[in-house]
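Thanks for making time this morning.

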Amino acid sequence: MGSAMLVLVRPESETETTATAATPDALLVRVGAGDQAAFAALYDAMAPRVLGLVRRLLVDVAQSEEVAQEVFLEIWQQAPRFDAGKGSAVSWILTLTHRRAVDRVRSAQSARDRDLAAGHRELAAEVPDPSESVEVRIEHERVARAMGGLAGPQRESIELAYYGGLTQREIAERLDVPLGTVKTRIRDGMGRLRDALGVTR
């Protein structure tokens, strides 16, 4: 039935008069039998109360109208289940309306909770652990001191390789020295760094 449900097909005037004069209980029974004229009359009779109840719970006008449409769709679909012996049509419709509105409130709250939890996870991922930051800084300072103890050519070659991202051949071209010399400087320099940092070979 979808959104077309609320584009009601107005009945002929005689039928409409009959439907309008009927009670909500009688109308709902007829809706259960697929009577569109009865549904139109029931809609006219109950829409203000349905929308009013939804708006008291949701506040938001657009969402309230959407939920009210869902309520009338459900009324059309569930009307065959209405049992006048268990209560009035008005009570049945307002109970259904209240349930729908509460479902929407819970759904919106769940969405907000999920968004909040996701935000906390992202924040936790972005903020580094203070103890980890301290360890990284200390390690960086140790490496800087060890690098300061290297001979100039060794330090230069290692910096170009590890901080500059150059290959050994590119370093050789940059420094205008043989490739073998660059390899030796890096190998010897790395050896001295390991010793200075206490790294087991």
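The protein chain has nine helices and zero strands, and, read along the sequence, its pattern is therefore written as α-α-α-α-α-α-α-α-α. Please keep in mind throughout that this is a predicted model. Of the 201 residues in the chain, 26% count as buried, and the chain exposes about 12,800 Å², of which carbon and sulfur atoms supply 52%. If we take the contacts between residues at least 6 apart in sequence, 59% of them join residues at least 24 apart.

Let me turn to how particular helices meet. Helix α2, residues 24–32, and helix α3, residues 36–58, have axes that come within 8 Å and cross at roughly 140°, which means that α2 is oblique to α3, given that the antiparallel class begins over 145 degrees. The crossing of α2 past α3 is left-handed. On the α2 side we find Pro 24, Leu 27, Leu 28, Arg 30 and Val 31, and these meet Ala 38, Phe 39, Ala 41 and Leu 42 of α3. Sorted by class, this contact has eight nonpolar residues, no polar ones and one charged one.

Now compare that with a second pair, helix α7, residues 152–163, and helix α9, residues 179–197, which pack at an angle of about 95° with their axes 8 Å apart. How is α7 oriented relative to α9? An angle from 65 to 115 degrees counts as roughly perpendicular, so α7 is roughly perpendicular to α9. From α7, the contact includes Pro 153, Gln 154, Ser 157 and Ile 158, while from α9 it includes Arg 185, Ile 186, Asp 188 and Gly 189. By class, the contact of α7 with α9 has seven nonpolar, three polar and three charged residues.

Finally, I have picked out two single residues. Leaving aside residues up to four places away in sequence, Ser 64 touches Leu 51, Val 54, Arg 55, Leu 58 and Val 59.

Asp 103, on the other hand, lies in helix α5, residues 89–126, and it counts as partly exposed because its relative accessibility is 42%, which falls between the 20% and 50% limits. The C-alpha atoms of Asp 103 and Val 67 are separated by 9.8 Å, although these residues are 36 residues apart along the chain.

Technical notes
Residues numbered from 1 in each chain as written. Predicted model: local features only at pLDDT ≥ 70, side-chain atom pairs only at ≥ 80, totals over all residues. Heavy atoms only, no water. Axes fitted to C-alpha atoms, helices over the stretch in contact; angles between N-to-C directions. Helix = DSSP H or I, 4+ residues; strand = E, 2+ residues; numbered from the N terminus. Parallel < 35°, antiparallel > 145°, perpendicular 65-115°, else oblique. Left-handed = near helix turned anticlockwise from the far one by under 90°. Contact = heavy atoms within 4.5 Å. Nonpolar A, V, L, I, M, F, W, Y, C, P; charged D, E, K, R; others polar. Buried < 20%, exposed > 50% of the residue type's maximum accessible area, 1.4 Å probe, protein only. Areas by Shrake-Rupley, 256 points an atom, 1.4 Å probe, with all protein chains shown as cover.
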